[in-house]
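Q: I would like to learn how to read a few features of a protein model, one at a time. Could you take me through them?

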Amino acid sequence: MADFDDENFTQRLLAETLFYDHEYGLIGNLSLVDIDARRERYIASFMPDDGTFLIEEATAWEDDPAMDEEVDVAYALATDSDVYETYDVPEAAAQALLALAREHDLLPSFTPLFEDEEL
């Protein structure tokens with residue numbers, strides 16, 4: 001039996017999070033979070049308009065998030081970003097996300113979004 005491949009497992013899981021469900025207009029959104037700075041650093045999702053997979057680099061963030069409600073996330077969400085790269089297939093985006101996470105010591109955070117929400 002072959003050894004378990006952590007790299008392949010992680011890349012496939014990341015690729016699977018970048019889904020698009022046309023019937024429900026549901027889009028998988030993956031953030032790479034800098035835990036020390038408590039803010040999003042990169043945001044990735046599928047773009048239904050052109051069929052690409054987009055990674056953006058955050059350039060501005062909301063003010064320090066208030067943790068008064070249970071629905072708040074434990075980090076500041078990006079309020080502005082620049083395009084880091086676009087990809088034709090989710091596997092390529094997943095490889096880039098894993099490389100960014102390793103390079104900058106970032107952790108993933110997954111959020112499903114509805115297509116009518118701002119991406």
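The dialogue below takes up backbone angles, a helix and its packing, and paired strands.

A: Keep in mind throughout that this is a predicted model.

Q: Where is Asp-105 found, and is it buried or exposed?

A: Asp-105 sits in the loop between helix H2 (90–104) and strand S6 (107–114), where, just after H2, it takes a positive phi of about 55°. Its relative accessibility is 64%, so Asp-105 counts as exposed, the cut-off for that word being over 50%.

Q: How can I check the length of H2, and what span should its 15 residues have?

A: The general idea is to compare an expected span with the distance between the end C-alpha atoms. At 1.5 Å a residue, H2 should span 21 Å, and because its end C-alpha atoms are 21 Å apart, the two values agree.

Q: Which residues of H2 are buried, and what do they pack against?

A: The buried residues of H2 are Pro-90, Ala-93, Ala-94, Ala-96, Leu-97, Leu-98, Leu-100 and Ala-101. They pack against helix H1 (6–17) and against the strands S2, S3, S4 (52–61) and S5 (78–87).

Q: At what angle do H1 and H2 pack, and is their crossing left-handed or right-handed?

A: A helix pair can be described by its angle, the separation of its axes and its handedness. H1 and H2 pack at about 115° with their axes 8 Å apart, and their crossing is right-handed. From H1 the contact includes Glu-7, Thr-10 and Leu-14, while among the H2 residues that meet H1 are Pro-90, Leu-97 and Arg-102. The residues of this contact divide into 6 nonpolar, 3 polar and 3 charged.

Q: How many bridges join S3 to S4, and how many join S4 to S5?

A: In a regular strand the side chains alternate between the two faces of the sheet. Here S3 and S4 run antiparallel and are joined by 6 bridges, with Met-47 standing opposite Thr-52 in S4. Their hairpin has 4 residues between the strands, and in it Gly-51 takes a positive phi near 75°. S4 and S5 also run antiparallel, joined by 8 bridges, and Phe-53 stands opposite Tyr-87 in S5.

Notes. Residues are numbered from 1 along each chain as its sequence is written. This is a predicted model: local features need pLDDT of at least 70, side-chain atom pairs count only at pLDDT 80 or more; totals for chains, interfaces and linings use all residues. Side-chain values use heavy atoms; hydrogens and water are left out. Helices (H or I, at least four residues) and strands (E, at least two) are DSSP runs, numbered from the N terminus. Buried means under 20% relative accessible area, exposed over 50%, partly exposed in between (1.4 Å probe, protein chains only). The expected span of a helix is 1.5 Å times one less than its number of residues. Contact means heavy atoms within 4.5 Å. Axes are lines fitted to C-alpha atoms, for helices over the stretch in contact, and angles run from 0 to 180 degrees between N-to-C directions. A crossing is left-handed if the near helix is turned anticlockwise from the far one by less than a right angle, and right-handed if clockwise. Ala, Val, Leu, Ile, Met, Phe, Trp, Tyr, Cys and Pro count as nonpolar, Asp, Glu, Lys and Arg as charged, and the others, Gly among them, as polar. Two strands pair if DSSP finds at least two bridges between them.
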